[in-house]
Structure formats: structure tokens, C-alpha cells
Amino acid sequence: MVRSTPTYSKKFDEERIAKARGSNLRVHFKNTRETAMALKGRTLKNAKTFLVDVLAHKQAVPFLRFNGGPGRHAQGKQAKHTNSQVRWPKKSVEFLQKLLENVESNAEFKELDLDRLRIVHIQVQRAPKQRRRTYRAHGRINPYMASPCHIELIVKEANDEVKRA
């Protein structure tokens, strides 16, 4: 079987960007999606410090779409969102830290300026569920499913000049 280069959902000028992706990652889709949306638009350095702060419980990840379970917390006020529903998803943060480290080394290889890199595209998609089984009372068996995900990330070297209106 021949492996082709992966296709990304967005097209950018190849000279000024660096990409990284992970497929079938065994980390919860919903937590990872919310963590990724908290990183979108940040600089690479800012995103890395944010993730370190989340692990240290200094900042929290706001849950905006998949907010049926998280409780409200005072740290939600920092995120400037109305519902104050936040969490500190450790495993999702660790996977995204590895991906940011990967995209940083890709950018370094392409000789991009690391201080000017900004996350312009980050996307999390559901991967095929992984099946296990759990044994219940009276001889029954129930599914025990994992919800893995695919993550793709593109950083771009930001322009110093701003277009005139």
C-alpha cells in the first residue's frame, strides 16, 4: 500500500506555514475539540504557556459546545464567556502540547521565525470508535467505547504590516 501525503482541510501559501497532524489519537474528542478552540488564533508561544497553565490549574479551558457536564467555576470569568463552564482536560492538553512541539520543529526546519508564528487553523474530527466490552450483572455484556480523534494544526508566520482600510 502506498501512503500519500495527507490532505488538510484548508489551503495556505506553503512557504510561510508549518503543519502537523495526528490521526486516530486515543484521547476524548469532545475535550480535545474544546481545548483546540481555546488555542485558535493564539501565537505559538502564547498557546504553549496557556497549556502549561491549564495543567497547573492557573487557567481553564472554556467548554462552549459540549457543555452538558462541566460545572461552573470562577476561572471561567478569565475566558470572557458567559457560561463559566470550564475544565482542565489533562490528556487533551498533553496531546496538543506534543502536536505544538511537532509543528514548532517543522517550522524550525522550514526556517520560519518562531516568535511570529500564529495558529491560523486547528481542527479536531471524530475518528472511528474503538470497541471493547464490559460485563454486567445477570450475564449481560455492554459496549465500552472509546472516542478517539484526528487533529490537524497549521501555523503561519504573521505579517508585521497591517493592510490599510
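Arg16 and Glu157 form a salt bridge (a side-chain nitrogen of Lys or Arg within 4 Å of a carboxyl oxygen of Asp or Glu), with their closest N and O atoms 3.4 Å apart. Because Arg16 lies in the segment before strand E1 (17-25) and Glu157 in strand E7, the pair ties together parts that are 141 residues apart in sequence. Helices (H or I, at least four residues) and strands (E, at least two) are DSSP runs, numbered from the N terminus.

The model is predicted: local features need pLDDT of at least 70, side-chain atom pairs count only at pLDDT 80 or more, and totals for chains, interfaces and linings use all residues. Residues are numbered from 1 along each chain as its sequence is written, and side-chain values use heavy atoms, with hydrogens and water left out.

Buried denotes under 20% relative accessible area, exposed over 50%, and partly exposed in between (1.4 Å probe, protein chains only). Arg16, at 26%, is partly exposed, whereas Glu157, at 12%, is buried.

By this rule there are six salt bridges. Among them, Arg33 and Glu34 meet at 3.3 Å, N to O; Arg33 is buried at 14%, and Glu34 is buried at 2%. Another joins Lys90 to Glu94 at 3.2 Å; these residues stand four apart in helix H3, about one helical turn. Lys90 is exposed at 53%, and Glu94 is partly exposed at 30%.

Helix H2 (residues 44-55) presents Leu44, Ala47, Phe50, Leu51 and Val54 as buried residues. Seen down the axis of H2, they fall within an arc of 120° (taken from the directions from the helix axis to the C-beta atoms), so they line one face of the helix. Just after H2, His57 takes a positive phi of about 60°.
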